[in-house]
Amino acid sequence: MQDEPTPVELTKAVADFLRHDITPMISGHNAFKLRVAINMLDLVTRQLTQQQGSDAAESARLAQLLGMQGSLFDLNRELADRIGKGELDLTTPGLSEHLWQTTMDKLAVDQPNYAAYKRELGSKGG
Amino acid sequence: MIEAQLGRCVAAWCPGATGVTGAAKLSGGASQETWTFDIVHPDGPIGAILRRAPPGYGASPGRAAGLDAEATLMQLAHDAGLPSPRVLHVLTPEDDLGTGFIMQRVEGETIARKILRDEQFAKARPMLARQVGGIAAGIHGLDVTKLPKLRQMTSTKEIADLDREYRSFGWPRPVFELALRWLRDHDPGPSAEVTLVHGDFRHGNLIIGPDGVRAVLDWELAHLGDPMEDLGWVCVNSWRFGEIDKPVGGFGTREELFAGYEAAGRRADPERVKFWEVMGTLRWGVMCCGMMQRFRQGPDHSMERAMIGRRSSEAEIDLLRLLAPREK
């Protein structure tokens, strides 16, 4: 067992330091790069917080849709193959819901401020 | 060093020029650079832009039209009265600056967030979609027989290219598979008319002032093909920069775009435009994956590259909104 603070607490501490203490001191192109760096740390923090739950739910949905077990990567490859071959499509019960949920979970980590994501989040109440 | 080289270069074709000042690199990868500088002239400074592949980087990769073709296209657009900078000089071996060209610098803004939000563009915004339609029509109306040699694309070839590129990443993306299926099932086939296609007609490549569009830039991806491709690409959600209810660049409607296009004497085909919007959304997603690939394998280990790699999911949500919209 690894000790505390947790990775999330560590990335948050670094991001907060850069955001509050360093940002006011930096200008020009480096200010832009600093913003990117902070965004990157925030993304990592979101992934560390959310991935376990979303991966488990995605795995369960995929097992149900495909009728098989496997790693998340293998299950996604299988789903991709079957969609590519036309064996599964948007008329397949549960497929559209699965793709939507999986994509929403990705956006929640990658870009929670993306306008289309916020719109979809609002329209489904989360 | 580049100022001395540019100084010698401009003196050879710009009568009265005595040198250059203020040379600064605006952007540059390994193979292509853009520089801004002022030509020193007794009548006052002349703002100029150098676009070049430095010596040793002659060949243009894959889809690129090449800098010579870009120069020719910009000049043709300028001569046809389209908003385009005048090409001042095409580099020669004697210039020792590599290959490329020097053009007039057009003042204005290319950053979408400023164009969509700043007060100084408030009067321009409502007319931009229509104007952009008119400019696209002008580009598509350029005489094909006068164009430099360009690759010819069809929707079918483009689908195959995207498919191959996506598969080369070895990372399964069910939503991209769904989009590829949809594109194959809805492929409209070759267009009745094959025209010049700008190929990257969107924010970032349009210089905009308070008076509207002042210049179309970056003809690197120009090719021959279906003119509706440009109209679909400018509607891709990622180029709306948050203004998602205004499909044309976040500033206007498709109807305004088509009205501007048709007022300039050409017919828009909304069905084909929708098809190309789906294609463009997938293309953007594949481009993001390519950035991830280059971040991991290439010499450019930049944070920006890495973060663009993480934008491939935005293409996925946009594809789902287009192909599998949820009931509201």
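Helix axes are lines fitted to C-alpha atoms, over the stretch in contact, and angles between N-to-C directions run from 0 to 180 degrees. The model shown is predicted: local features need pLDDT of at least 70, side-chain atom pairs count only at pLDDT 80 or more, and totals for chains, interfaces and linings use all residues. Residues are numbered from 1 along each chain as its sequence is written, and chains are lettered from A and ligands numbered from 1 in the order in which they are written.

**Figure 1. Packing of α1 against α2 in chain A.** Helices α1 (residues 7-22) and α2 (residues 29-66) of chain A pack at about 155°, and their axes are 9 Å apart; helices (H or I, at least four residues) and strands (E, at least two) are DSSP runs numbered from the N terminus. At that angle α1(A) is therefore roughly antiparallel to α2(A), where angles under 35 degrees count as roughly parallel, over 145 as roughly antiparallel, 65 to 115 as roughly perpendicular and the rest as oblique. The two helices α1(A) and α2(A) make a left-handed crossing (the near helix is turned anticlockwise from the far one by less than a right angle; clockwise would be right-handed). Residues of α1(A), including A:Val8, A:Ala15, A:Leu18 and A:Ile22, meet residues of α2(A), among them A:Leu34, A:Ile38, A:Leu41 and A:Leu48; two residues are in contact if their C-beta atoms, placed from the backbone, lie within 7 Å. The contact of α1(A) with α2(A) comprises 12 nonpolar, 3 polar and 3 charged residues, with Ala, Val, Leu, Ile, Met, Phe, Trp, Tyr, Cys and Pro counted as nonpolar, Asp, Glu, Lys and Arg as charged, and the others, Gly among them, as polar.

**Figure 2. Chain A and the segment before α1.** Chain A has 5 helices and 0 strands, in the order α-α-α-α-α along the sequence. The radius of gyration of chain A is 19 Å, whereas a compact globule of 126 residues would have a value near 14 Å; the radius is taken over C-alpha atoms, and the globule rule is 2.2 Å times the number of residues to the power 0.38. Along the principal axes, the C-alpha atoms of chain A fill a box of roughly 55 × 40 × 30 Å. The peptide bond between A:Glu4 and A:Pro5 is cis, with omega about 5°. A:Pro5 lies in the segment before α1 of chain A.

**Figure 3. The interface between chains A and B.** Contacts link 27 residues of chain B with 30 residues of chain A. Helices α6 (174-186), α10 (303-309) and α11 (312-323) of chain B each supply at least two residues of the side of chain B that touches chain A. The largest share of that side, 7 residues, comes from α11(B). By class, the side of chain B that touches chain A has 12 nonpolar, 3 polar and 12 charged residues.

**Figure 4. Helix α3 of chain A beside α6 of chain B.** Helix α3 (residues 72-85) of chain A packs with α6(B) at an angle of about 5°, with the axes 8 Å apart. The helices α3(A) and α6(B) are therefore roughly parallel. A:Asn76, A:Leu79, A:Ala80, A:Ile83 and A:Gly84 of α3(A) form the contact with B:Pro174, B:Glu177, B:Leu178, B:Leu180 and B:Arg181 of α6(B). These residues divide into 6 nonpolar, 2 polar and 2 charged.

**Figure 5. The two domains of chain B.** Chain B is divided into domain 1 (23-104) and domain 2 (112-323), with bounds from an automatic or database domain assignment. The C-alpha centres of these two domains of chain B lie 24 Å apart. B:Asp96, which is not a glycine, has a positive phi of about 55°; B:Asp96 is found in the loop between β4 (87-90) and β5 (99-104) of chain B.

**Figure 6. Packing of α5 with α9 in chain B.** The axes of α5 (residues 155-168) and α9 (residues 270-297) of chain B come within 10 Å and cross at roughly 25°. Helices α5(B) and α9(B) are therefore roughly parallel, and their crossing is left-handed. B:Ser155, B:Glu158, B:Leu162, B:Glu165 and B:Tyr166 of α5(B) meet B:Phe275, B:Met279, B:Leu282, B:Arg283 and B:Val286 of α9(B). This contact has 6 nonpolar, 1 polar and 3 charged residues.
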